[in-house]
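Trainee: Hi! Could you walk me through this one, step by step?
Mentor: Happy to, let's open it up.

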Amino acid sequence: MNEWTLIEKLKQGDEAAFKTIVDTWQDMVYNTALGIVQNAEDAEDIAQEVFVQVYQSVSSFKGDSKFSTWLYRITITKSLDHQRRKKRKKRFAFVRSLFGEESEVVVHPPDFHHPGVALDKKEDAATLFQAINQLPENQKVAFTLHKIEGLSYQEVSEVMKTTVSSVESLMHRAKSNLKKNLSEFYKENE
Amino acid sequence: MKKQSDIEKRVEETLNSVEGIQRATPAPWLFARVKGKLLKAEERTGWEVVGSFLSKPAVAVAGLFLIMALNGILLLNQQSGGSLSAGQTEIVPTDSESLIASSSSFDFENLVQP
């Protein structure tokens, strides 16, 4: 069954079509969310939310872009929203702690280890993911889609609704920021 | 202190550490959990949906400002309401009308005769 048949069937509320869609694209959605939020549990929640939204709003998908491009956009929006919410909560907890109010203790998360990284590169990758987390949102998205999801610049530009040259520029800035952050890290820690 | 070239080498190694990364896979039964979430979403009543919408901080704050603005407008309108606005004319009863109004309850017919 091809992509368009599946989507048409899903628009008619076909559950089997929906299951095929979830089974086909779940790894892509989960891996993208994991690259951005860097937490397995949160990425799992986001993946579920993405497919719930797909089910509820598939009628609005007109086919102007590829289905996977539409899925990437939903995943990125939800992942970034999740991160913003988390940051807001952290800031709020910090402000409350300044006023001496009891609040959740702000715990720094442990190093994130992506399960798809080769064993001998785990430590370096964990350091890299920490540095990726410091990047501005659009650089982080471009870097994640290109390096973690393996999309070409053309595909990244379609997902981000921008030009290939903008993606090149984003990647260039992301790499130079990462280099700067990593050299500072190694100067202090090695 | 570390040599600059050593640091640059470490940075390059770190940047290349995600080359050839494999896709991560979610825990099994994702579809069952998605279905569970969908059922839960369908079970929500209209009032729950309205409640969760209104409890969003942005909506709550916007609502508060709207109420305050409406109060302010009403207050300003009331203050300026004492003077007549342009185009309005005051209806002044004529002498005969006021006589009728004032004497009606004291008609001689209604008065208790001694």
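Mentor: First a term: helices (H or I, at least four residues) and strands (E, at least two) are DSSP runs, numbered from the N terminus. By that rule, chain A comes to 8 helices and 0 strands.
Trainee: Where does the model come from, and how is everything numbered?
Mentor: This is a predicted model, in which local features need pLDDT of at least 70 and side-chain atom pairs count only at pLDDT 80 or more, while totals for chains, interfaces and linings use all residues. Residues are numbered from 1 along each chain as its sequence is written, and chains are lettered from A and ligands numbered from 1 in the order in which they are written.
Trainee: What does the C-alpha trace of chain A span?
Mentor: About 55 × 45 × 30 Å along its principal axes.
Trainee: Okay, helix 4 of chain A. How many residues does it have?
Mentor: Helix 4 of chain A (residues 67–98) has 32 residues and reaches 47 Å from first C-alpha to last, close to the 46 Å expected. That expected span is 1.5 Å times one less than the number of residues.
Trainee: And what comes after helix 4?
Mentor: Gly100(A) follows helix 4 of chain A, with a positive phi near 75°.
Trainee: Which residues of helix 4 are buried?
Mentor: Among them are Trp70(A), Leu71(A) and Tyr72(A). Buried means 20 or more other C-beta atoms within 10 Å of a residue's own; exposed means 12 or fewer, and partly exposed is in between, with C-beta atoms placed from the backbone.
Trainee: What do those buried residues pack against?
Mentor: In chain A, they pack against helix 2 (15–37), helix 3 (40–57), helix 6 (137–148) and helix 7 (153–159).
Trainee: New topic: which domains does chain A have?
Mentor: The assignment gives domain 1 (1–84) and domain 2 (112–190); such bounds come from an automatic or database domain assignment. The centres of the two domains of chain A, taken over C-alpha atoms, are 23 Å apart.
Trainee: How many residues are in contact between them?
Mentor: 13 residues of domain 1 of chain A are in contact with 12 residues of domain 2. Contact means that two C-beta atoms, placed from the backbone, lie within 7 Å.
Trainee: What about chain A and chain B?
Mentor: That contact takes 33 residues from chain A and 24 residues from chain B. On the chain A side, helix 2 of chain A gives the most, with 8 residues.
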